Amino acid sequence: MSLTQADVRRIARLARLQVNDTEVAEVEQKLNGIFGLIEQLKAIDTEGVEPMSHARDVALRLREDVATETNRRAAFQAVAPAVEDGLYLVPKVIE
Amino acid sequence: MQWEVVIGLEIHTQLSTQSKIFSASSTRFGNEPNTQASAVDIALPGVLPVMNRAAVEKAIQFGLAIGAKINRKSIFARKNYFYPDLPKGYQISQFEVPVVEGGQVTIRVGDQDKVINLTRAHLEEDAGKSVHEDFHGMSGIDLNRAGTPLLEIVSEPEMRSAAEAIAYAKALHSLVTWIGICDGNMQEGSFRCDVNVSVRPLGQKEFGTRREIKNLNSFKFMEQAIKYEVQWQIEQIEDGHKIQQATVLFDPDSGQTRMMRSKEDAHDYRYFPDPDLPPLVIDEAWIERVRSELPELPEAMQARFQSQYGIPAYDAATLTSSKAMASYYEATVAAGADAKLASNWIMGEISATLNREERDIADSPVAADALALLIRRVMDGTINNKTAKDVLKKMWEAGDSADAIIERDGLKQESDTGAIEAIIDEVLAANAAMVEEYKSGKEKAFNALVGQCMKASKGKANPAQVNEVLKRKLG
Amino acid sequence: MTYTLKQAADLLAAGKTSAVELASDYLARIEAAQGALNAFITVDRELTLAMARKADASRAAGNAGLLTGVPIAHKDIFCAEGWKTTCGSKMLEHFVSPYDAGVVERCTAAGLVTLGRTNMDEFAMGSSNENSAYGAVRNPWDRDAVPGGSSGGSAAAVAARLAPAATATDTGGSIRQPAAFCGVTGLKPTYGVVSRYGMVAYASSLDQGGPIAQTAEDCALMLNVMAGHDVRDSTSLEMAKEDYSRDLNQPLKGLRIGMPREYFGAGLAADVAAAIESALAEYRKLGAEVVEISLPRTELAIPAYYVIAPAEASSNLSRFDGVRYGHRSQNYEAYFEEHNKEAKEEKEKVTLLEAMYETSRAEGFGWEVKRRILTGAYVLSHGYYDAYYLKAQKVRRLLSEDFQAGFGQCDLIAAPAAPTVAWNLGEKGDDPIAMYLADIYTLGVNLAGLPGIAHPVGFGANGRPVGLQLIGNYFSEARLLNAAHQFQQATDWHTRAPAL
């Protein structure tokens, strides 16, 4: 299997990464190298093997339902690129 | 050609917890923007989610209430997409294994009962809000709502009309408020419906292409939106166009639906199990405890009202339309009122007055025991029905007890035979002509005489007694 | 004069020095070495001395703990309130954290003084520390060599004696490999022993914090501070507090060390193999028995890791969108115009908001990070999930089962930390594959969630350090530290310091 430049453009959009035309070729070549490595997996027989998505098999711990957080808006928004009236500003959202 | 409408609903119910699903921020509505957005809610680098037990418990309550399967092990997954009201760039939801699977809800349309099957209900986090007032060409983002626990309830595409869809949504709305897992406040977005609509020629097996109407927060809009969408789809097809799968919004002003411009549906969400959250495990003991604490559900209560109080099905259905009305009724009967009279008064005078004043029965000026006393006075003949209605008005305004008003205004019914005979004698003497008519066989004249007597007693005379004495005197 | 963590603690306890004096001395060393090594991203003299004064005050008040006043360095991946926390990325160039990571809280509570924030590969993605937006770190033993990664700054700082110890993180070898390359000792604990709260996430199911220090004894003291249950991390294990130094002095008699055949075959450099051999001979002298075992699927760790880690990273790094913090591009409007003008189809066009996301992320992230985000997005995308992501998760289970089978025949597993000694700066250039292959001996431990330690065992042909990796079964940290400590009691590799 090998990725095309169209694939690279598609996932770059999906991942919200601007990749210009000169970069696309470079990225395509590098990703194909990486996928060459990954391809080995295909050959492995994993019939009936339970996928492992956590390093340890534990059950989810649950929190009691109490609201203890205080208002830290000022501290949090001190590192924000653009705020006004306590709101984070972004380029117009179009629904 | 004959068209069949196919509708399925996805309803987002905000679970009424104190804190958010994965953080200890308050879930209160309407506070200053971003004052209820903690480090976890705004997804600072390095923060992690910790699951709220109450949200899980409410999901279990719902599952049991609709007779669904509670999965002993369910998985939280990440739904990846970029949107400014989604701070992490992914929503924590449940994908392959939800907490609740299956279940049923019975709806009534006209006098038809219909069972709607549910697909699943899963836990997820709500997003924040985009504030669209113009900030010199920018939008504002408020994350107070981000992380509010949601139970997304997904139905099978089994509804065949707008009426059925509304009935289903209303049934779910009353159920979630009845069992107390959601405040049901649709204006504040606590209960939001996404409606999947498609049409197909009557008799065709396979479904038509569906369009999803997002975020309907009133039953009225839902009905308008569905009716418009159905008409639109039929016209498109009849004009030879194909329906494209799409997500649309309903605009109440134009009464029309329009495609969302944000290509939300074009996304590839790349779901995968959230590595920050091990599997949610629910044991038997927990489920049994929740089951034992589950309140009596509307259907069960209806049946009980009929058998226990001997009232008709119609009364039982009306009185169990809300938990508040049901408990008001039971309290009235418990305070000594006759079950059927209590039902009549509550469905009649009380409901009418509450509707007129747009009040909820929970804050009725006349409490259940006060109403019971009034009804008891009718039962023991102290006052008659007509007087009772006037007394209720006064109770409503002044808040006095029935007895106080009866005493003060001297409304006590006259049942002293001597006094009644005296009144009757006067009336007979004053209406010799009528007496003659009666004696000559005019039955109507009798009623006229009764009326005169009641009038003379200012309505206080016991009508039954008047009848009896009058008959005797007229021989 | 420089000290181990233990020596510094003893001097403070004996009143022979003060926290302020120690901090000032180390700050001076850091300043002197910064130009040559670039081991730190942020140093803040005032913040450091304030902490030191506080430590001296509490000691004077008689409530000093074992390590009160001892200075350490933090990897720039742990959020620390009031400190710039860049994670080696331009994306967080101006991010001053408004909160403390669990690990930072514990270190502060123990009275440890922060000397500064160590350099690292951007978002912990790398094995050479050349992927830092703040410049490469140089290996104190040979400035033409890389220090390893991603905790290269922490390892270099400890090796150059710029700090008695440093915190670090290990997702695929990021503690053990740089420790080996720099000739210091580094411990990667069992997954869930050290809180991940406030540790900027790379691959959540693999990330684990741990210490880098000169000695195993110091690593034990550091782990005693860093480890412990944290309710804010749902993967943090609920376990009784333990003293990781309790077994340091146990003799190694009867210890069975397994040598996985697959780790000592072709691909392992001769000088590294030789140093490992003599180290194992030393362990035999200490009473350990060395047995050959097999971890048959070892080579699959690379493909499995390079599917799972990028997949999780692609999602973890989505929060860096220029909305609430971090870099926001100034060029998005230009890109918006440009791109939409050239777009052939409607669906190729971007909204202004999307343009802001795409440019901010493109400018804020380096290429290794972008490659992993793209790889991760791809393996999770529609139609590829089963073939790549799910498959990798199944292989992950097979790999951890192999380890369990191995531990049926031995107590600890011995392995090289890397196939070679530190390579030259720029040697692997911009070649991800060459980099990835060099991780072969460390990835398996993270995939299985096991603990591992690396400690110096000599030098390679070109005088660059060689490290031995010992891998233990779950929760065997005390055992690993005991073995390494006994080795260090009998050898002096860990005391060798590079000339500055």
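Biologist: What makes 55 residues of chain A and 79 residues of chain C count as in contact?

Modeller: Contact means heavy atoms within 4.5 Å. In this predicted model, 55 residues of chain A meet that cut-off with 79 residues of chain C. Local features need pLDDT of at least 70, side-chain atom pairs need 80 or more, and totals for chains, interfaces and linings use all residues. Side-chain values use heavy atoms, without hydrogens and water.

Biologist: Why is the A:R13 and C:E354 pair called a salt bridge?

Modeller: The rule asks for a side-chain nitrogen of Lys or Arg within 4 Å of a carboxyl oxygen of Asp or Glu. The closest N and O atoms of A:R13 and C:E354 are 3.5 Å apart, so the pair qualifies. Chains A and C have six salt bridges between them.

Biologist: How do you know how much area chain A and chain C bury?

Modeller: Buried area is the accessible area (1.4 Å probe) that two parts lose on being put together, summed over both. For chain A and chain C that is about 5700 Å², 68% of it on carbon and sulfur atoms.

Biologist: What are the domains of chain C, and how far apart are their centres?

Modeller: The bounds come from an automatic or database domain assignment. It gives domain 1 (5-253) and domain 2 (301-389) of chain C. Their centres, over C-alpha atoms, are 31 Å apart. The contact takes 19 residues from domain 1 of chain C and 20 residues from domain 2 of chain C.

How values were computed:
Residues numbered from 1 in each chain as written. Chains lettered and ligands numbered in written order.
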